[in-house]
Amino acid sequence: MMYDVVVIGGGPSGMAAAIRASEFCQKVVLIEREPRLGGILNQCIHNGFGLKIFKEELTGVEYAQRIESRLKQQNIEVLLNSYASKILDHKVEVITQHGIKQIKAKTIIFAGGCRERTAGGISLAGKRVAGVYTAGLVQKMINYYGKIPGKKALILGSGDIGLIMARRLTLQGVKVEGVLEIQKSCSGLRRNITQCLDDFNIPLLLSHTIKRVVGKDRIEGVFISKVDENFNFVGEEKFVECDCLLLSVGLIPETEIFNNQVELSSITKGAVVNEFRQTSIPYIFSSGNVLHIHDLADNASIEGEIAGESAAKYANSKLPNFEMCNIEISKDISYCVPQRYCVCDGEFMLYFRAKKRFDKKKIVVKNESGNVISSKFYLAMLPGEMQEIKINKNNLSGNIYLEVEE
Ligand SMILES: Cc1cc2nc3c(=O)[nH]c(=O)nc-3n(C[C@H](O)[C@H](O)[C@H](O)COP(=O)(O)OP(=O)(O)OC[C@H]3O[C@@H](n4cnc5c(N)ncnc54)[C@H](O)[C@@H]3O)c2cc1C
């Protein structure tokens, strides 16, 4: 059987993509390697999800269940315990408990999420000892399996997972010595700094990092130091005793399945897409954390909906091959998604992140002649927060430029 849309990944983005696609197409299948849907949200028992989509504050688990119950009302086939191992020409190879099978697809949406950067990934110096974990793994250990990683913890990296885990560990009775951040500003959301650190008197040490890990078989502590703007160690090193270290030092899109078939961005590490979340291979779409790291699950779901609708239109031959133009960014912007747009009437939302903190600044989008086609004033922009600006494409062509107005 030929499916109209095959969605790989049953997290909030993949589920939203499948639901949206099923509103336009008959044959939609969702493939998930785990025994249940929900993705990373299944281990997020804290609240803070759903404010944008459901207009109320839910836990990650509740958020996932809401979307899953919507999914069940649609005509969508769900394959659990099924690992999509390869994308071949209009086919997905899936490893199931009953053997390997190939699923034919008019279009494919890859929404496979991301993985955490490890100690090796940041060349953490010192002993390779037990007790060094990624923060998401500890979240799973505590929330899924009821296991506590130690008694005294230190957290490296101020991403949201690190902040959330600082609070989670404290609630479990673990003494959190602090959160170290090499940058001058925190990379997590402002609400997480307040609710997870300030409310629990957990110190946040900015411009600080670990010099080396100490221990014999298990971690016994770390030497930490302040760094200058070039990340060189400055001042005296200090020993912090701890029996576990959590790393919250970045998430990386898991794009191996593309096997170099689709064009990837050197910045986001996800696929380069147009506003329909269509990759350089027109029948392959992508959304969620595998495309770029989202601060909010709501945004991952919204992106899934865009990919779902677009893939369904492609399957129904209603998404023609448009001429494409680039969206370029100034040096103050880390990245934007999409990176291209199609020359056709309509509008789309451009998502981006600032490289550093900006207060009371205007973001402008200019066309090739230097005329402003869109602008938005921001009271504050933090690198950890994803921003958005609407682009009206009517009569627009040529490359466009996103910049922070001087
Ligand atoms: C620790 C942590 C805390 C967070 N806290 C918040 C918060 O408070 N509020 C908030 O709004 N957001 C939060 N987020 C962000 C939010 O959880 C993510 O943005 C969201 O889960 C991304 O959704 P996704 O569908 O892209 O990826 P995921 O949720 O990771 O789902 C991807 C799914 O794809 C499956 N998969 C991958 N590859 C394959 C394959 N080859 N074959 C089959 N299946 C595959 C995976 O098993 C997984 O189920 C948090 C994230 C983390 C990690």
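1. Strand 7 and strand 8 form a hairpin with 2 residues between them, where strands, like helices, are DSSP runs numbered from the N terminus (E, at least two residues, for strands; H or I, at least four, for helices). The two strands, the latter covering residues 99–110, run antiparallel and are joined by 6 bridges, and two strands are said to pair if DSSP finds at least two bridges between them. Within this pairing, Lys91 stands opposite Lys104 in strand 8.

2. Before going further, please note that this is a predicted model, in which local features need pLDDT of at least 70 and side-chain atom pairs count only at pLDDT 80 or more, while totals for chains, interfaces and linings use all residues. Residues are numbered from 1 along each chain as its sequence is written.

3. Strand 7 (residues 91–96) also pairs with strand 6, in the antiparallel sense and over 5 bridges, and Tyr83 has Ile95 in strand 7 as its bridge partner. Strand 6 and strand 7 form a hairpin with 2 residues between them, and His90 in that turn has a positive phi of about 55°.

4. Another residue to look at is Asn259, which has a positive phi of about 45° although it is not a glycine, and which is placed in the loop between strand 18 (251–253) and strand 19 (284–286). As background, most residues other than glycine have a negative phi, and most peptide bonds are trans. A cis peptide bond, with omega about 5°, joins Val337 and Pro338, and Pro338 lies in the loop between strand 21 and strand 22 (340–342).

5. Strand 21 is joined to strand 23 (residues 347–354) by 4 bridges, and the bridge partner of Ile333 in strand 23 is Ala354.

6. A further open sheet of 3 strands has the order 14-15-16, again with antiparallel pairing. Its edge strands are strand 14 (208–215) and strand 16 (233–241), each of which pairs on one side only. Strand 15 (residues 219–227) and strand 16 run antiparallel and are joined by 6 bridges, with Glu241 in strand 16 as the bridge partner of Gly221.

7. Turning to the helices, the axes of helix 1 and helix 2 (residues 60–72) come within 10 Å and cross at roughly 20°. That makes helix 1 roughly parallel to helix 2, a label given to angles under 35 degrees.

8. Which residues come nearest to the ligand? Of the 37 residues around the ligand, these are Gly9, Gly11, Gly39, Gly113 and Gly288, where a residue is near a molecule if its C-beta atom, placed from the backbone, lies within 6 Å of it. Among the elements that each supply at least two residues of this shell are helix 1 (12–22), strand 6 (83–88) and helix 6 (297–315). Domain 1 (1–116 + 252–321) and domain 2 (118–249) both give residues to the shell, so the ligand lies between them; the domain bounds come from an automatic or database domain assignment.

Terms used
Axes are lines fitted to C-alpha atoms, for helices over the stretch in contact, and angles run from 0 to 180 degrees between N-to-C directions. Angles under 35 degrees count as roughly parallel, over 145 as roughly antiparallel, 65 to 115 as roughly perpendicular and the rest as oblique.
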